[in-house]
Amino acid sequence: MRTFRLFFIGLIFIMDMSLSSSDECQQETVRLRAQLKTLEVQVMKQQQQLIQTLSSQRTEQLALDQDTFHDLGDHQYRDCAQIFNAGNKGSGFYTIRPMASPSLVRVYCDMTEGGGWTVIQRRSDGSQSFNRPWRDYQRGFGDLQSASGEFWLGNDNLYYLTSQGDYNLRINLADFEGVQRYAVYKNFKVADEKEFYQLQFGEFSGDSGDSLSGSYHPEVQWWASHQGMKFSTYDKDNDRYERNCAQEDKGGWWFNRCHSANLNGYYYHGAYSAVTDNGVVWYTWHGWWYSLKSVVMKIRPAAFEPNIV
């Protein structure tokens, strides 16, 4: 609108100066001023429509996010698998209470791919920093309001969940070219804080390659495997490296010396260069120098059988 106004004002000024004594000039001036007024009104209407559209979109998104929370009343469930088999088939946010947990926990339940998955981590757009201290990783952090928000459920909650029995971990990965891969690990378990949230996992299956165990090459497995590793953050270094892997690789994780998987790394957009391989990395798919677009880590009891009724 400012451009239109300046243009027509300038034009009117020129004509006023050169033809001020002419009736024809006066008539043209009136016409141009009327046209300017019409354009101003049109631009103002367009701006109002744009504001209304953006406001409506925000309201719709907020309503959508709120609709993904499912209030189950006084019923308490240990995980999303129990919620699914109680007849709640919709993906979204629920509250659970694992057996050892002192309080209710808000979680996102993924009811696709057989249902009953409790999501423990999501990366989607880089909107959340995962370069956080021990305390944040202990309690959990991120966006647990939006259905696509980035978050870490919390190491205490991982311990509470996986101490209830045998759980399988599924990791869904996607790159910036639209390709998707997955990895499944049996017997996923995280110890308590006294054991520095030590990681244990079993047999691998999937099409992404086995980055967690480092078994893709026997000569690197001693430093690349995450099996049995303790959790590290930039302010609590529990890795096997002489320096601090979490500090160098920009996120908390079960580092060795340092990693072949770093799903809490810095969010780049695909291929990147940096001092260290600190992206969102799954080595056996895209190597160390490609940062993935999205990651979902989710767990479900190994003995889970969906209740079809």
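Entry 1: I started with Lys186, which counts as partly exposed because its relative accessibility is 42%. This is a predicted model, so I treat every value here as computed from it. Lys186 makes a salt bridge with Glu203, and the closest N and O atoms sit 3.7 Å apart. That falls inside the cut-off, which is within 4 Å. Glu203 comes out exposed, at 53% relative accessible area, and the line for that class is over 50%. I then checked where the two sit: Lys186 is in strand β7 (residues 180–190), while Glu203 is in the loop between β8 (199–200) and β9 (204–206). They are 17 residues apart, and the pair links distant parts of the chain.

**Entry 2: Glu242 and Arg257.** Glu242 is in the loop between α6 (221–224) and α7 (245–249), and Arg257 is in the loop between α7 and β10 (261–262), so the bridge ties together parts 15 residues apart in sequence. Glu242 counts as exposed at 58% relative accessibility. Arg257 is partly exposed, with 30%.

**Entry 3: the network.** Which residues do salt bridges with shared partners join into one network? I get Asp110, Glu113, Arg170 and Lys298. Inside it I looked up Glu113 with Lys298, whose side chains meet at 2.4 Å, N to O. Glu113 sits in the loop between β2 and β3 (117–123) and Lys298 in strand β14 (residues 294–301), so this bridge ties together parts 185 residues apart in sequence. Is Lys298 buried or exposed? I find Lys298 buried, with a relative accessible area of 0%, whereas Glu113 is partly exposed at 38%. For the record, my search of the whole structure gave nine salt bridges.

- Cys80 and Cys109 have their sulfur atoms 2.0 Å apart. The torsion about the S-S bond is about -75 degrees, so I log this disulfide as left-handed. Cys80 is in helix α3 (residues 80–85) and Cys109 in strand β2, 29 residues apart. Both Cys80 and Cys109 are buried.
- Cys245 and Cys258 also form a disulfide, with the sulfur atoms 2.0 Å apart. Here I read -90 degrees about the S-S bond, and the link is left-handed. Cys245 lies in helix α7 and Cys258 in the loop between α7 and β10, so the bond ties together parts 13 residues apart in sequence. Cys245 is buried at 0% relative accessibility, and Cys258 is buried at 10%.

**Entry 4: the largest pocket.** I get about 190 Å³ of space in the largest pocket. Its lining has 16 residues, and nearest its centre are Leu104, Val105, Arg139, Leu153 and Asn157. The elements giving two or more residues to that lining are β2 (105–110), α4 (134–139) and α5 (155–162). Which of them gives the most? That is α5, with three residues. By residue class, I sorted the lining into eight nonpolar, five polar and three charged.

Methods
Residues numbered from 1 in each chain as written. Predicted model: local features only at pLDDT ≥ 70, side-chain atom pairs only at ≥ 80, totals over all residues. Heavy atoms only, no water. 1 Å grid on protein atoms, 1.4 Å probe; cavity = no way out; pocket = protein on both sides within 12 Å on 5 of 7 lines; lining within 4 Å. Points joined across faces, edges and corners; volume = space filled by probe spheres on them. Helix = DSSP H or I, 4+ residues; strand = E, 2+ residues; numbered from the N terminus. Nonpolar A, V, L, I, M, F, W, Y, C, P; charged D, E, K, R; others polar. Buried < 20%, exposed > 50% of the residue type's maximum accessible area, 1.4 Å probe, protein only. Disulfide = S-S within 2.5 Å.
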